[in-house]
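User: I would like to understand one part of this structure in detail. Please look closely at a single residue, and then set it in its wider surroundings.

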There are 2 protein chains.
Amino acid sequence: MKNTGDRRRTIYDVAKAAGVSISTASNALNGTGRTNAETRERVRRVAEEIGFRPNALARGLLSKRSHAIGMLTNDTYGRLTLPMAAGVSEVLVDHGVSVFLCATNNDPRLAQLHLEALLDRQVDGIIFTATRLDLEPPVQLSRLPIPVVYVFAEGPADSVTFFPDDEQGARLAVDHLKELGRSRILHITGPRDYLAARIRAQSYHDACGDGAEAMFGEWSEEWGHEAVQTVFARPGLKPDAIFCGSDEIARGAIDALRDLNVEIPTDVAVVGFDNWEVVARQTRPPLTTIDMELKELGHRAGLAILSLSKGEPVPAGITRLPCRLVVRQSCGSPLQSD
Amino acid sequence: MKNTGDRRRTIYDVAKAAGVSISTASNALNGTGRTNAETRERVRRVAEEIGFRPNALARGLLSKRSHAIGMLTNDTYGRLTLPMAAGVSEVLVDHGVSVFLCATNNDPRLAQLHLEALLDRQVDGIIFTATRLDLEPPVQLSRLPIPVVYVFAEGPADSVTFFPDDEQGARLAVDHLKELGRSRILHITGPRDYLAARIRAQSYHDACGDGAEAMFGEWSEEWGHEAVQTVFARPGLKPDAIFCGSDEIARGAIDALRDLNVEIPTDVAVVGFDNWEVVARQTRPPLTTIDMELKELGHRAGLAILSLSKGEPVPAGITRLPCRLVVRQSCGSPLQSD
DNA sequence: TGCGATTGATAAAACCTTTTAACAGCACGA
DNA sequence: TCGTGCTGTTAAAAGGTTTTATCAATCGCA
């Protein structure tokens, strides 16, 4: 006869069924205070039997910790956000913390509305995520009574922020190409006003030296296609490798190369960035690329907000998490397959 | 001097500042009970001044309605889920309802954990979403004290369920092709064990009659590519149009057609399914396709769970929401552009 | 036996809000 | 003058939990 009634079971029901006071019941269940081992067992057994589960609202009201956090994102498409959010949720559920998802659609009014709702709900913290388009978060986040962690977006000077390590990721790509004997490496990437694009390009320059050429454009296949056409149309030595700023760009580049009858990877090796499986797996040949470890990023952000919400110190500033090289076949290393 | 203290302002602070009892304050703020207009104004002004916001936990505890819902999804990649979730969140935030995001990763243990957390939080309802891979939800959802709405997944017989109207969507595609004078329409789609694939194929058969041929395979570019090669390699009349079960398949098909020097749309018109912009926009020519209106699906699901949680009746059974034809250039109608 | 210490259990307060019932004051009609 | 009805306000209870302070009983020891 577990929980057949219409009402949820309360700790009061447990206490009555176990013939004990509610304080004793509470102490027994939580292992707080002093309780006789035998009593404790009995209470716990009874609680189990009648299907008692503590009301998180009441608990949160008293403890002033709701064990919930909010995730504010302006990423409508979700290619970066959802894997990240899944990581956050995954790591926090084991700590009894749930995640409110708030999609702001880049609408400040909506962002404000969500933020107020989160505060009313006494969330223990907020994770703010933005695509790299507009790096500055809505101002209202600056002076909040709860901790904020930023991912893919830079907060105020002393805030806790997580990014993928674009510099290291780019280096990973270039080093891989060099190890395979490539020397004339071209870089095709997104718009110059994306911080990530600039960092990757800089890292590429540092690794390749003088001959290096970075072409800024769009985050699109079209741009990858166009850039390759441009480069192969002009006279002079052609690159023997292309490091692309995104998998989409890489895809466009590969298509263009095929149109030009350039053999991949024999004539030109290609590396992408994102490890966006639907793209990277479908290029011909499958794309060697850089994985930003979005889930791990979510884990770290989740753990950070958890610590902060408990008042534990977390090192402020930007933490950059290492990227990972995923080897497929576009560089001529078909030994490992993913 | 608004809210400079460390403590959050409570209704008690409002009452004291306005020189009134907390009951009067509550009545004034909520417009309940009898209150003098002048008092009401004063209380509201004071509340505004000191930045009072009611504690949702306390409110929920009393009203037994948390004004929060849970969204349980096993879609790791998020291509369907996140736009849908954004729709849910968008429509509910205006009603003061927030959304817990729970990614189950197809792990029953994780699903159970999330479910229990949601129940402990007294959520007013649950939206269950699955990719179409495993249509049956975890059993534990069957007998819950709160309403459940299913999206992309079929619940028990009398449950409230939302799907895109695959039948109408497929018809839309075929009709469009016919209107453009195409008569030999081929259908390339995903695995036969996906309900959506079967429905679309059936609709296609109904519209095209005897000559119709539906090829089941994978939801991948590769399959689209392969299917086209197969069809164009065998003798006999070639199709003058292809209706693909997904944009990815369409992309593969288009690539294969180009390899065969078949002109698109002159020789063969192509229609996709999903309107997944990153794919549909990047094919050459850009892909005419079917949009499943995921955000609208989210709106409807959100409104349904809202009504149910208020005890208002909602028609049970499967509701299929109409799809929309998005015309680009792969069928030879470049008049409208999206 | 008497006293301090320890153990085990409990009543009550606290968290913050809404709602019910009660109260004081006032005007009005009888 | 005395009920009657209305208005504006308030005290108190309720919601479910944790925590603090208190209390009763037992134990060890002088």
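Where is the place of B:Cys244?

Analyst: B:Cys244 is placed in strand 8 of chain B, which covers residues 241–244. Helices (H or I, at least four residues) and strands (E, at least two) are DSSP runs, numbered from the N terminus. The model is a predicted one, in which local features need pLDDT of at least 70 and side-chain atom pairs count only at pLDDT 80 or more, while totals for chains, interfaces and linings use all residues. Residues are numbered from 1 along each chain as its sequence is written, and chains are lettered from A and ligands numbered from 1 in the order in which they are written.

B:Cys244 counts as buried because it has 33 C-beta neighbours inside 10 Å; the term requires 20 or more other C-beta atoms, placed from the backbone, within 10 Å of the residue's own. Two residues are in contact if their C-beta atoms, placed from the backbone, lie within 7 Å. Leaving aside neighbours within four places in sequence, the contacts of B:Cys244 include B:Ile188, B:Thr189 and B:Gly224. Further along the chain, B:Cys244 also meets B:Ile249, B:Ala250, B:Ala253, B:Val270, B:Val271, B:Gly272 and B:Phe273. B:Arg281 lies 37 residues from B:Cys244 along the chain, and the C-alpha atoms of the two are separated by 16 Å.

Not counting residues up to four places away, B:Ala253 touches B:Cys244 together with B:Ile188, B:Gly224, B:His225, B:Ala227, B:Val228, B:Ile242 and B:Val270. The largest nonpolar core holds 168 residues, and those that touch the most other members are A:Ala253, A:Val270, B:Ala253 and B:Val270. Such a core is a set of buried Ala, Val, Leu, Ile, Met, Phe, Trp, Tyr and Cys residues joined through C-beta atoms within 7 Å.

Other parts of chain B show particular backbone features. The peptide bond from B:Ile264 to B:Pro265 is cis, with omega near 0°, and B:Pro265 sits in the loop between helix 10 (247–259) and strand 9 (269–271) of chain B. A cis peptide bond, again with omega near 0°, also runs from B:Arg284 to B:Pro285; here B:Pro285 belongs to the loop between helix 11 (277–280) and strand 10 (289–291) of chain B. B:Asn275 is not a glycine, yet has a positive phi of about 50°. B:Asn275 is found in the loop between strand 9 and helix 11 of chain B, and counts as buried because it has 23 C-beta neighbours inside 10 Å.

The two chains also meet: 41 residues of chain B are in contact with 42 residues of chain A. On the side of chain B that touches chain A, at least two residues each come from helix 4, helix 5 (81–93), strand 2 (98–103), helix 6 (108–120) and helix 9 (221–233). That side of chain B divides into 19 nonpolar, 14 polar and eight charged residues. In this scheme, Ala, Val, Leu, Ile, Met, Phe, Trp, Tyr, Cys and Pro count as nonpolar, Asp, Glu, Lys and Arg as charged, and the others, Gly among them, as polar.

Both chains approach the DNA as well. DNA strand C is surrounded by 28 residues, the closest being A:Ser21, A:Ser23, B:Thr10, B:Ile11 and B:Ala58; a residue is near a strand if its C-beta atom, placed from the backbone, lies within 6 Å of it. Helix 2 of chain B gives the most to the surface near DNA strand C, with five residues. This surface is made up of nine nonpolar, 16 polar and three charged residues. Around DNA strand D there are 29 residues, and A:Thr10, A:Ile11, A:Ser23, A:Ala58 and B:Ser23 are the closest. Helix 2 of chain A gives the most to the surface near DNA strand D, again five residues, and that surface has 11 nonpolar, 16 polar and two charged residues.

Helix 2 of chain A also packs against helix 1 (residues 11–18) of chain A, at an angle of about 100° and with axes 8 Å apart. That makes helix 1 of chain A roughly perpendicular to helix 2 of chain A, a term for angles of 65 to 115 degrees. The axes are lines fitted to C-alpha atoms over the stretch in contact, and angles run from 0 to 180 degrees between N-to-C directions. In this packing, A:Ile11, A:Tyr12, A:Val14, A:Ala15 and A:Ala18 of helix 1 meet A:Ile22, A:Ala25 and A:Ser26 of helix 2. Seven of the residues in this contact are nonpolar, one is polar and none is charged.

How values were computed. Parallel < 35°, antiparallel > 145°, perpendicular 65-115°, else oblique. Buried ≥ 20, exposed ≤ 12 C-beta atoms within 10 Å, placed from the backbone.
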